[in-house]
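Hi,

Here is the structure I promised to hand over. My notes on its aromatic rings follow below.

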Amino acid sequence: MVGGGGKRRPGGDGPQCEKAVAMKKGKCCEAAVPSDLRKEVESHYRLSLPEDFYHFWMFCEGLAPEQPADSLSASLGLRLVGPYDILAGKHKMKKKSASLNFNLHWRFYYDPPEFQTIIIGDCKTEFHMGYFRLFLMKKLKEVTDKKKTSLLKTIDEKLTEAARELGFSLEQRTVKMKQRDKKVVTKTFHGAGLVVPVDKNDVGYRELPETDASLRRICRTIVEAPSDAERLKAFAPVQEMMTYVQFANDECDYGMGLELGMDLFCHGSHYFHKVAGQLLPLAYNLLKRNLFAEIIEAHLADRSREDVDQLAA
C-alpha cells in the first residue's frame with residue numbers, strides 16, 4: 001500500500017444548501033405558503049428549503065386541491081413525502097411527533113446526510129428523489145403507456161409553464177449544478193462527488209491511498225471473510241487508512257476522512273458502521289457541517305431498510 005500523503009486536488013467550498021434550480025433574477029416570487037408553516041418545516045428539519053420546494057407544492061395543489069401529496073400518484077406513481085408531510089399536516093395526526101427526529105423521516109438505508117427525500121415511488125425498488133445539497137438527484141424513467149403518456153404530457157405542459165412564469169430552470173443540469181461540479185475534489189461511492197473547502201495552498205483535501213476499485217475489493221474481502229479472525233486481518237488496510245486520516249486532520253485536510261467514511265457508509269455493510277461512525281461525525285464537525293454530523297450519528301444508530309416513514313402509525 002502506498003503512503004497517505006497523496007497529491008491534493010484543487011477544489012472549493014460549497015454551501016450546505018445549494019438551491020435546486022437556477023432562477024432568473026426578478027422573476028421568481030414567493031410561493032403562497034404561510035410563514036408560520038414555513039417556519040414549522042424548517043424548525044423540524046433545521047434546514048432552509050428553497051423556494052421551488054414551496055412552488056412545487058402549490059403546483060400540486062393546483063392538480064389535486066384536496067390531496068396535493070398524491071397528485072402524481074395516478075400518472076407517475078409518485079408521492080410527496082418528507083417535509084411535504086408537514087405542509088400536508090400529517091405530523092399533527094401522529095402522537096408525540098414533537099419527539100421524532102425528522103431528519104430520519106424517509107431517510108433510506110443508503111442516503112448520506114446531505115440527501116433529503118421529498119418524493120417516493122416504487123416501495124419495492126425504494127425509488128426516491130430529493131435534494132442533495134438541495135438539487136434533484138434522479139430523473140424519471142421514460143413512460144411508454146399511452147394513457148399515462150397523455151396525462152404526463154398535460155402535467156409536463158403545466159409544470160413547464162409554471163416554471164417559465166416563475167423563472168425556474170427545468171434543465172437536467174442547472175447552472176448551480178455545473179458550478180458545483182467544478183468544485184468536486186473526488187467522486188465517492190455515491191457518485192455525487194465530494195465538495196470541501198480547499199485554500200490557495202491546496203489545504204483541505206488529500207487523496208486516499210486506494211482507488212475506488214481497490215477500496216471496493218478491500219470491503220468485499222472484509223464482508224466475505226470466512227471467520228472473525230480473517231475479517232480482522234482483512235481490516236488492516238482500513239485501519240492503515242484511518243491512521244492517514246488522523247495525519248490529514250492534523251494538517252486540516254478534512255476531506256480525506258469524509259471521503260473514507262462516506263465510502264464505507266455507502267458500501268452498506270454493518271461491519272463498517274463503527275468505523276463510519278468514527279470518521280463521519282468528526283469530519284462533518286471539522287468542516288463545520290454540524291447538522292450533518294448529528295444526522296449521520298442518528299442514522300447509524302438506527303440504520304434500517306424498513307420503517308423509514310417516521311410518521312407511520
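Ring pairs join Phe53, Tyr54, Trp57 and Tyr84 into a cluster. Rings of Phe, Tyr and Trp (its six-membered ring) pair if their centres lie within 6.5 Å; planes under 30 degrees apart are stacked, over 60 edge-to-face, the rest tilted.

The model is predicted: local features need pLDDT of at least 70, side-chain atom pairs count only at pLDDT 80 or more, and totals for chains, interfaces and linings use all residues. Residues are numbered from 1 along each chain as its sequence is written, and side-chain values use heavy atoms, with hydrogens and water left out.

By the pairing rule there are nine aromatic pairs. One of them is Phe235 with Phe272, edge-to-face, at 5.8 Å centre to centre and 65 degrees between the planes. This pair links distant parts of the chain, 37 residues apart. Phe235 is in the loop between helix 8 (228-234) and helix 9 (236-250). Phe272 is in the loop between helix 10 (255-267) and helix 11 (273-286). Helices are DSSP runs (H or I, at least four residues), numbered from the N terminus. Both Phe235 and Phe272 are buried (under 20% relative accessible area, 1.4 Å probe, protein chains only).

Tyr284 and Phe292 also pair edge-to-face, at 5.7 Å and 65 degrees. Tyr284 counts as buried because its relative accessibility is 0%. Phe292 is at 2%, so Phe292 counts as buried.

Now the charges. Arg231 lies over the face of Tyr271, 4.1 Å from the ring centre. The charged end of Arg303 sits over the ring of Phe265, 3.9 Å from its centre. The rule: NZ of Lys or CZ of Arg within 6 Å of the ring centre and within 35 degrees of the ring normal.

Best wishes

Conventions:
Helix = DSSP H or I, 4+ residues; strand = E, 2+ residues; numbered from the N terminus. Buried < 20%, exposed > 50% of the residue type's maximum accessible area, 1.4 Å probe, protein only.
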